[in-house]
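This briefing is for a reader who is new to the structure shown below. It starts with the chain as a whole and then turns to its parts.

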Amino acid sequence: MTDYDSETVMLRAERRDEVYVREWVNRFDKSAYTPNQYTVLERSNRFYGPELLLHSESDGTDFNYLLTAPGPDTYLYLWAAETDDKNHREAWFKTAEVKVAFADTQPTYDLCPECGDPVQTIEHEQMAALGRCPGPDPDL
Ligand SMILES: [Zn+2]
């Protein structure tokens, strides 16, 4: 059921990419602070598929989120963090079902001194710093 834009984000988003919510399909919990635009912090590949750690900031406070593709019967799930009074994350809770897309403005990446391509993945950055560029990032 995942739509094309959402699928593209789940397959291709890397840290620092900007994504936004195109459509709030379902709101499970209205108490969470859920802005329309997020920055990708990290991509993880779980056995059930990719998972994106997202970030947003409001009034100097950091908010983290998870974006997952739960399966064929739903769009993407946006999970908000349950935090203690020091803003440490204790758990995730499902706050909404969403459709997302890449924002129009994207960050600019440093160019790799070895292959000359934008350095987008953490692996590329780490290897390039060691002078062992793994080659251009896929899907760019
Ligand atoms: Zn490179």
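An assignment of domains divides the chain into domain 1, residues 4–102, and domain 2, residues 108–140. The model is a predicted one. Its secondary structure comes to 2 helices and 6 strands, and along the sequence these follow the pattern α-β-β-β-β-β-β-α.

**Overall dimensions**

- The centres of domain 1 and domain 2, taken over C-alpha atoms, are separated by 26 Å.
- Taken along the principal axes, the C-alpha atoms of the chain fill a box of roughly 45 × 40 × 30 Å.
- The radius of gyration of the chain is 16 Å, which agrees with the value near 14 Å that a compact globule of 140 residues would have.

**Burial and contacts**

- Of the 140 residues in the chain, 21% are buried.
- Among contacts with a separation of 6 or more, 44% are between residues 24 or more positions apart.

**The barrel**

- The 6 strands close into a barrel, in the order β1-β2-β3-β4-β5-β6.
- Pairing in this barrel is antiparallel.
- On average, and with direction ignored, neighbouring strands of this sheet are turned by 45° against each other.
- Strand β1 (18–27) and strand β2 (residues 37–46) run antiparallel and are joined by 3 bridges.
- Tyr20 stands opposite Gln37, a residue in β2.

**Helix α1 and its two sides**

- Helix α1 spans residues 4–12, and its buried residues are Ser6, Val9 and Met10.
- Seen down the axis of α1, these buried residues fall within an arc of 95°, so they line one face of the helix.
- As a general point, an α-helix has 3.6 residues a turn, so residues three or four places apart point the same way.
- Tyr4 and Leu11 are on the other side of α1, where they are exposed.

- Which strands does α1 lie across? They are β1, β3, β5 and β6, and the helix runs at about 125° to β6.
- What covers the buried residues of α1? The cover includes β1 (18–27), β3 (49–58), β5 (76–83) and β6 (89–102).
- Taken together, α1 has a face lined by its buried residues, and the cover over those residues includes strands β1, β3, β5 and β6, which belong to the barrel.

Technical notes:
Residues numbered from 1 in each chain as written. Predicted model: local features only at pLDDT ≥ 70, side-chain atom pairs only at ≥ 80, totals over all residues. Buried ≥ 20, exposed ≤ 12 C-beta atoms within 10 Å, placed from the backbone. Helix = DSSP H or I, 4+ residues; strand = E, 2+ residues; numbered from the N terminus. Arc of directions from axis to C-beta. Contact = placed C-beta atoms within 7 Å. Domains from an automatic or database assignment. Rg over C-alpha atoms; globule rule 2.2 N^0.38 Å. Pairing = 2+ DSSP bridges. Axes fitted to C-alpha atoms, helices over the stretch in contact; angles between N-to-C directions.
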